[in-house]
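Hi everyone, thanks for coming along. Let's have the structure up on the screen, and then I'll walk you through a few parts of it.

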Amino acid sequence: MTAGGRGRALTPPCSGAQPGFASRLAEHSALRRVGGDRWPARACAPERPRAAPSSAEPTPPIDRMMLMRLNMRLVLVALCGAVLVATLYWGHCGDISLRPTVSVLSESQTGLSEIECSINGEYSVSCRRDRDQVYLPFSFIHKYFEIYGKITNTDGVEKFEWSHSYSKVYHPKKKYDPRGTFTTFENYNVEVRDRVKCISGIEGVPVSTQWEPRGFFYPTQIAQFGLAHYSKNLTEPEPRIKIIDDGDKVLENWIVSEDAVMSREYDSEMKENVIRFTTTDQPTSQVRAKLNISQDFVLSMDLMLKTNSSVTVMLQNKDKKETVYLHYITSNQLIYAQEDHIYYGIGVEQKWRRLTRDLIIDMQKGWALQDRPKRKSPRNKFKVCGLVLSGAGSVGSVRISSSEHMFHFFSAARWLVSSQKADGGWPVPARRRLAPRVPDLMPGWHSAMSQGHAISLLSRAYHRSGDPRYLRAARRALGPLDRPPDKGGVRALFMNRYVWYEEYPTKPPIFVLNGFIYTLLGLYDLHYTEGEHASSPAKGMFESGMLSLKTLLPLFDTGSGSFYDLRHFTLGASPNIARWDYHATHVNQLYLLAGLDPDPVLLNTARRWEGYMQGRRAAHN
């Protein structure tokens with residue numbers, strides 16, 4: 001029916017029960033639309049519809065009660081909605097530093113919008129905005145602020161690790177001992193560096209490409225190579241050794257081709273039983289040992305080869321089954337590589353030598369020599385599968401071990417003795433360019449760091465062997481440290497007063513810090529080795545240098561790091577800030593010296609500089 005001529009006919013719902021909240025709400029809305037008219041309460045009986053009452057009939061009491069309950073429920077719904085909205089709004093408006101980390105990290109990215117970030121008005125970076133917060137890409141932060149970070153996963157939980165420095169500080173566990181490890185060199189692996197072309201097959205020391213791509217013998221690098229192996233020998237477990245053939249108790253079952261000859265004889269020079277072999281020029285003519293050795297890859301043997309002879313070692317990738325051939329040949333050529341064949345010259349002299357090679361390093365350097373993509377070669381992926389003798393010669397005491405540290409150490413010591421000039425120096429045969437307004441150092445210049453490292457190594461060689469040649473060479477090495485650069489030396493003066501041993505003896509001097517400290521350690525090592533009553537000037541030179549260091553050390557402090565040198569002072573050039581690995585070297589050196597000298601400037605500076613590596617900064621005004 002119509003209500004007052006303004007409504008329309010309504011049919012109440014029927015479900016066999018009292019109308020639910022939704023039906024009451026719809027009914028209430030319909031009642032409001034008809035301007036105050038009310039429907040009476042009704043029972044649900046669809047099989048007997050009855051006529052609707054007229055508008056003149058009074059509203060029954062039960063209908064009014066239903067409307068009151070309906071209104072109360074509407075009020076409760078409205079209050080709940082208001083509380084929910086207020087809670088969400090308060091959560092977003094609160095200070096973000098007080099909000100739980102989870103709420104920030106788990107927030108849906110739908111709330112992030114792209115925004116352009118102008119960097120000092122010079123260029124722009126695409127960033128993301130979340131209300132009043134702006135997020136910059138970490139790749140930008142890494143480059144701009146020299147900050148480092150990576151995503152890690154621990155027990156299935158990912159997190160981002162942030163660090164201001166990529167280097168590590170090693171706190172000395174005891175006072176520095178000139179007979180013990182050299183600073184933190186047990187952590188050095190000189191031969192794996194990209195600027196090491198290879199380990200020479202003749203001298204057994206690294207060949208550097210640092211300033212000359214063709215390669216040269218760099219005294220600093222050779223001394224570091226020896227000192228690293230000396231330190232590893234003191235800190236690592238005893239090496240694993242697999243004897244292949246010692247001519248006595250362990251005899252390998254060598255496979256001899258029909259046109260080859262092999263015999264076992266006693267050699268009076270070597271005082272051991274050795275293998276004599278001869279093969280023809282045919283590729284199939286050989287004396288071969290079939291091996292299956294994994295894990296250890298340092299091959300050693302006593303060897304004497306005649307012209308056009310070689311020893312070939314076969315390495316096989318256990319996964320890919322590909323084979324790499326390492327040929328050690330009678331030649332003076334340093335290294336040559338073609339595909340999977342890598343050649344090292346071991347000299348042409350027909351004399352006994354001890355050949356010791358890290359096979360994995362030799363393989364890696366051969367691959368690096370070729371214009372091929374860099375290949376990964378983890379040691380656990382390879383095995384030694386064969387050893388081949390070709391040509392004519394003698395072999396004895398063949399073994400494979402996990403390391404031969406002392407052999408490498410004494411290889412470096414022998415090179416230093418044989419290569420030292422009459423003036424006590426080891427000239428660097430490469431041109432070195434340092435700064436725009438400084439003349440280049442031409443081939444033949446000396447380095448205080450080379451002299452200091454060499455003295456440290458030779459002092460230890462004398463301690464281990466008792467051979468006086470090493471001590472004499474160490475004493476001669478003091479000569480260039482006590483001469484100015486214009487007389488072939490490395491001794492400079494700061495403000496015409498404080499002595500400084502220059503790693504790079506430029507004119508004017510630039511006062512490199514880390515090389516100077518390494519030189520001081522060499523002087524200390526020699527003084528300690530000689531004893532208190534020695535006549536050499538090592539002790540006085542060390543003490544003069546320490547005075548200079550403690551006086552000038554504040555000049556190297558940037559307030560957030562350290563300077564590599566003082567070129568900004570002597571040249572008026574831009575400062576040369578030490579990158580983090582050099583800064584960490586400064587810190588390690590100062591901690592070590594603090595154990596030798598009680599002056600608090602050393603320890604305090606070391607602690608402050610270590611703090612810089614953790615993001616601390618000097619206070620500002």
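Predicted model: local features only at pLDDT ≥ 70, side-chain atom pairs only at ≥ 80, totals over all residues.

Here is a question to start us off: in which hand does α8 pass α10? The crossing of α8 over α10 is left-handed.

Residues are numbered from 1 along each chain as its sequence is written, and side-chain values use heavy atoms, with hydrogens and water left out.

Now the overall picture. The chain has 14 helices and 22 strands. Those are DSSP runs, numbered from the N terminus: H or I of at least four residues for helices, E of at least two for strands. Of the 621 residues in the chain, 44% are buried. Buried means under 20% relative accessible area, exposed means over 50%, and partly exposed is in between, using a 1.4 Å probe and protein chains only. If we take contacts between residues at least 6 apart in sequence, 61% of them join residues at least 24 apart. A contact here means heavy atoms within 4.5 Å.

Back to our helices. Two packed helices are described by the angle between their axes and the distance between the axes. The axes are lines fitted to C-alpha atoms, for helices over the stretch in contact, and angles run from 0 to 180 degrees between N-to-C directions. Helix α8, residues 448-465, packs with α10 at about 30 degrees, their axes 7 Å apart. That is why α8 and α10 are described as roughly parallel. The cut-offs are under 35 degrees for roughly parallel, over 145 for roughly antiparallel, 65 to 115 for roughly perpendicular, and oblique for the rest.

Who meets whom? On the α8 side you'll find, among them, Ala-448, Gly-452, His-453 and Arg-460, and on the α10 side, residues including Asn-514, Tyr-518, Asp-525 and Thr-529. Sorted by class, this contact of α8 with α10 has 7 nonpolar, 9 polar and 2 charged residues. For the classes, Ala, Val, Leu, Ile, Met, Phe, Trp, Tyr, Cys and Pro count as nonpolar, Asp, Glu, Lys and Arg as charged, and the others, Gly among them, as polar.

Helix α8 has another partner, α9, which covers residues 468-476; their axes come within 8 Å and cross at roughly 160 degrees. So α8 is roughly antiparallel to α9. This crossing, too, is left-handed. Ile-455, Leu-458 and Tyr-462 are among the α8 residues here, and they face a set in α9 including Pro-468, Tyr-470 and Leu-471. The class count for α8 with α9 is 9 nonpolar, 2 polar and no charged residues.

Now follow α10, residues 513-530, to α11, residues 538-552: the axes come within 8 Å and cross at roughly 150 degrees. That makes α10 roughly antiparallel to α11. Here again, α10 passes α11 in a left-handed crossing. The contact includes Phe-516, Leu-520 and Leu-523 of α10, and Met-541, Phe-542 and Leu-549 of α11. By class, α10 with α11 gives 12 nonpolar, 3 polar and 2 charged residues.

Let's move on to salt bridges. The count is 26, taking a salt bridge as a side-chain nitrogen of Lys or Arg within 4 Å of a carboxyl oxygen of Asp or Glu. Lys-381 pairs with Asp-319, the closest N and O atoms being 3.0 Å apart. These two sit 62 residues apart, Lys-381 in the loop between α6 and β19, and Asp-319 in the loop between β14 and β15. Lys-381 is partly exposed at 35% relative accessibility, whereas Asp-319 is exposed at 53%. Another bridge joins Arg-276 and Asp-267, at 3.2 Å from N to O, and Asp-267 is buried at 8%.

One last stop: Cys-117, in strand β1, residues 113-119. With a relative accessible area of 12%, Cys-117 is buried. Beyond its neighbours within four places in sequence, Cys-117 is in contact with Tyr-123, Ser-124, Val-125, Cys-127 and Val-134.

Conventions:
Left-handed = near helix turned anticlockwise from the far one by under 90°.
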